[in-house]
Amino acid sequence: MIKSAGIHHITAIAGEPKRHVAFYARTLALRFVKRTVNFDDPGSWHLYYGYEVGTPGTALTFCIWNRLPKGRHGAGESQQVAFAIPESSLDYWIKRLDRLGIAHGAPAKRFGETAVALQDPDGLKLELVAATGADAIPGWSNGDVPAEHAIRGFHGITLEVRDPAPTARVLAEVFGFKPAGTEYNRHRFLAEGSELARAIDLRITPGLGRHAQGLGTNHHVAFRAGNDAEEMEMRRRALALGLSATEQVSRNYFRSVYFREPGGILFEIATDDPGFTLDEPKEKLGSKLMLPPWYEPDRAKIEASLPALE
Ligand code: ZN
């Protein structure tokens, strides 16, 4: 039996790179843990933000595809990325957003915790959740936000679906998530093997149109596998549900299998190892363009084609 460890990383799509980097690295003060290229499209950036070393459960990654049109939020979308902050940091963050002129929603109670909704510069939906237990995780500061108030990683993500049952079955049977109650139009599922990055909400909004991928939308959600054997077991379970899963592919920092769940959302299974310190020491993470060995011979050409980030 696999004990679910929750979310590994979330990948979304962003446009104008300087505005994007300023928002995540400065406003939200996430650590820039890796700057690399999209392994399927080496002419574009793939940027990774995380907490400290980008431990699984903290890595939000972006494909920078400035020429894409803006996406449309809707059903069949992994929609709202929730970050965990300590409960005592909620006032700090509301004041910080106000001071920086960033629009946000009113604090709202959900499953006993308080959430504040906001959007990134491309319109990606985000939330800060004052999460039980977040203060037990030591803070990390890049200088913009004091360590005590820093985002500690993901709280979870909301998946907008038309029919929750088939997606719920995948969460339970492939990844071992457990149902944790319903509030209004939200069904919550929790991973039991970790403290954070463990809440998946299935939200049903009647009458909502189908989502269209583009700037400001998520691309996929990746779930953690402890090792190759666990990954292959999850893959076998997805196939047993009639889903079509890829073979394992190397993403350099983890090994991945992809499949589309019945609601239309792209899921990934990603191994915890080897992680982002594979090719850079901890203190240097995110400081320069890193390429996988197979693109290293094209470095000069790739560097010349990438837009400036700062
Ligand atoms: Zn991924």
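**Ground rules.** I'm working from a predicted model, where local features need pLDDT of at least 70, side-chain atom pairs count only at pLDDT 80 or more, and totals for chains, interfaces and linings use all residues. Residues are numbered from 1 along each chain as its sequence is written, and side-chain values use heavy atoms, with hydrogens and water left out.

**Aromatic pairs.** I looked up rings of Phe, Tyr and Trp (its six-membered ring) with centres within 6.5 Å; planes under 30 degrees apart count as stacked, over 60 as edge-to-face and the rest as tilted. That rule gives 18 aromatic pairs. One of them is Tyr48 with Tyr253, edge-to-face at 6.2 Å centre to centre and 75° between the planes. Tyr48 sits in strand E3 (residues 41-50), while Tyr253 is in the loop between strand E14 (249-250) and strand E15 (255-260), 205 residues apart. Strands here are DSSP runs of at least two residues, numbered from the N terminus.

I then checked burial (buried is under 20% relative accessible area, exposed over 50%, partly exposed in between; 1.4 Å probe, protein chains only). Tyr48 is buried at 3%, and Tyr253 is buried at 1%.

Tyr92 and Trp93 have ring centres 5.9 Å apart and planes at 85°, so I logged this pair as edge-to-face. Trp93 is buried, at 1% relative accessibility.

I also noted one aromatic cluster: Phe23, Tyr24, Phe32, Tyr49 and Phe62.

**Zinc.** Which protein donors does the zinc ion have? I found His9 (NE2), His220 (NE2) and Glu268 (OE), lying 2.0 Å from the zinc ion. Donors are N, O and S atoms within 2.8 Å of the metal (3.2 Å for Na, K and Ca); water is not among the atoms, so sites may look incomplete. Their spacing along the chain reads H-x210-H-x47-E. His220 and Glu268 are both buried.

Note on methods. Helix = DSSP H or I, 4+ residues; strand = E, 2+ residues; numbered from the N terminus.
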